[in-house]
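User: I would like to learn how to read features of a model such as this one. Please give the general idea each time, then the case at hand.

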Amino acid sequence: MKRNIIITGGAGFIGSHVVRLFVNKYPEYNIINLDKLTYAGNLANLKDIEDKPNYKFVKMDICDFEGVLKLMQDNHVDGIIHLAAESHVDRSIKDPFTFAQTNVMGTLSMLQAAKLYWESLPEKWEGKRFYHISTDEVYGALELTHPEGVKPPFSTKASSDQHLAYGEKFFTEDLKYQPHSPYSAAKASSDHFVRAFHDTYGMPTIVTNCSNNYGPYQFPEKLIPLFINNIRHRKPLPVYGKGENVRDWLYVVDHARAIDTIFHQGKVAETYNIGGFNEWKNIDIIHVLINTVDRLLGRKEGEDMDLITYVTDRAGHDMRYAIDSTKLQRELGWEPSLQFEEGIELTVKWYLDNQEWMDNVTSGDYMKYYEDMYANR
Ligand code: NAD
Ligand code: TYD
């Protein structure tokens, strides 16, 4: 079946993996990548598919309601996969307005344009889908009730048999939203708008909430690429607080695979949590990164441990995220393809092999932001 799909934020980290997967897997679809190209958007992420006949890039702000509406009309768009957002918690603490503008007003602009266009068609909502990509951070923070770790109640391919959970509770789809950061508050608000468009107008919507992603093409303000690059260049590794906070990590390609499954098979108006039961304390992951970078660069494993530098904690730093993705695994049969050890090896190799990509994204404005941020800590 032919489809015309807008993927917003397709030049960003996760979006570029989703665009690549859809363009390669569905040659019969037209894929339109709508992206404003903020500091986080980079067309170099899509070099390998930019000449494919079923792919088109459009530089546009999701807040440009008229532009978005015309793009939908001109291309007979019947599917939207909405990833465009401001995505970094530390930036949201400094500049919450931009987060409300892009994440809330931008999502509303996408929803309203889709509503006007789809309602104007004879078949209306039939065959249409508005799929909103959100985060587990909207659920707030879980407690670290088992700091030494316990055997988790679930197991999947993403985590090895010995892998531990750091509490009894997990984020499930029915939990109340309790966002703490301006980033997660703005994402939570956008999720509410998406559900409101289903409940009020009948728009066929789906929302998914995924755990932390890692992998190639992630902007190096986030923990994993930032630290890989700093270890390589023997720069300090700024660990917030005691490094005890726990995140649940999923390889980005597995998130893209889940998005593909849910876009095609997910039930309208449902929410699905996406994750691989793969919790890590920050400090443990940092040890893995140091050992892996050292080994791959031919250094003595662990010789860069002294780069670890404890700095002032992030304001309102959420203690633990842990996703329960049982619903997605049971109802739609998705499961991660990689264990964390495999994924992190691929990821470190990718960043070490792609120093030019790293140099390009860390030049200019980025360096100023980074230096200002750490000057204030
Ligand atoms: P990213 O910051 O790497 O990319 C965001 C993309 O959106 C960029 O290409 C940027 O240019 C574009 N964009 C920003 N503002 C825009 C605007 N006003 N108009 C058009 N395009 C705009 O983000 P990411 O990490 O790839 O995250 C993508 C989505 O997935 C976000 O909605 C985020 O909340 C969600 N998410 C991310 C993670 C994660 O670990 N990174 C986890 C769960 C959910
Ligand atoms: P990050 O990659 O920013 O993702 P998120 O805040 O969305 O979870 O951070 C992951 C974890 O790493 C989080 O607990 C904050 C911590 N962190 C540091 O300790 N130092 C850093 O320089 C960064 C960027 C993050």
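Analyst: Start with helix bending. The bend at a residue is the angle between two fitted axes, one through the seven residues ending there and one through the seven starting there. In this predicted model, helix α4 bends by about 25 degrees at methionine 105.

User: How many residues does helix α4 have, and what distance does the helix reach from first C-alpha to last?

Analyst: The expected span is 1.5 Å times one less than the number of residues. Helix α4 covers residues 96–119, which is 24 residues, and its end-to-end C-alpha distance is 33 Å, close to the expected 34 Å.

User: Next, the sheets. In what order do the seven strands of the open sheet lie?

Analyst: Strands count as paired if at least two bridges are found between them. Here the order is β3-β2-β1-β4-β5-β6-β10, with parallel pairing. The edges are taken by β3 (55–59) and β10 (271–274), each of which pairs on one side only. Ignoring direction, neighbouring strands of this sheet are turned against each other by 20 degrees on average.

User: How many bridges join β4 to β5?

Analyst: Four bridges connect β4 (residues 79–82) with β5 (residues 129–135), and the two strands run parallel.

User: Which strands form the three-stranded sheet, and in what order?

Analyst: The order is β7-β9-β11, again an open sheet, with mixed pairing. Strands β7 and β11 (279–281) are at the edges with a single partner strand each, so one side of each has no neighbour in the sheet. From one strand to the next the twist averages 50 degrees.

User: How do β9 and β11 run, parallel or antiparallel?

Analyst: They run antiparallel: three bridges join β9 (residues 246–251) to β11. Valine 246 has lysine 281 in β11 as its bridge partner.

User: Now the ligands. Which residues come nearest to ligand 1?

Analyst: A residue belongs to the surroundings of a ligand if one of its heavy atoms lies within 4 Å of it. For ligand 1 there are 28 such residues, and the nearest are Ile14, Asp35, Ser87, Tyr183 and Lys187. At least two residues of this shell come from each of α1 (13–25), β5, α5 (182–201) and β7 (212–214). Strand β5 gives the largest share, three residues.

User: What does the shell around ligand 2 look like?

Analyst: It holds 19 residues, with Glu137, Pro238, Arg247, Arg314 and His317 nearest. Histidine 317 has a side-chain N or O atom 2.7 Å from an oxygen atom of ligand 2. In asparagine 282, a side-chain N or O atom is 2.9 Å from a ligand 2 oxygen atom. Tyrosine 240 takes part through a polar backbone atom, 2.9 Å from an oxygen atom of ligand 2. The protein covers 97% of the 510 Å² of accessible area that ligand 2 has on its own. Helix α6 (223–232) and strand β8 (237–240) are the elements that give two or more residues to this shell.

Note on methods:
Residues are numbered from 1 along each chain as its sequence is written. Chains are lettered from A and ligands numbered from 1 in the order in which they are written. This is a predicted model: local features need pLDDT of at least 70, side-chain atom pairs count only at pLDDT 80 or more; totals for chains, interfaces and linings use all residues. Side-chain values use heavy atoms; hydrogens and water are left out. Axes are lines fitted to C-alpha atoms, for helices over the stretch in contact, and angles run from 0 to 180 degrees between N-to-C directions. A polar contact is a pair of N or O atoms within 3.5 Å; within protein, one must be able to donate a hydrogen and the other to accept it, and residues adjacent in sequence count only if both atoms are side-chain atoms. Accessible areas come from the Shrake-Rupley method with a 1.4 Å probe; for residues, only the protein chains shown count as cover.
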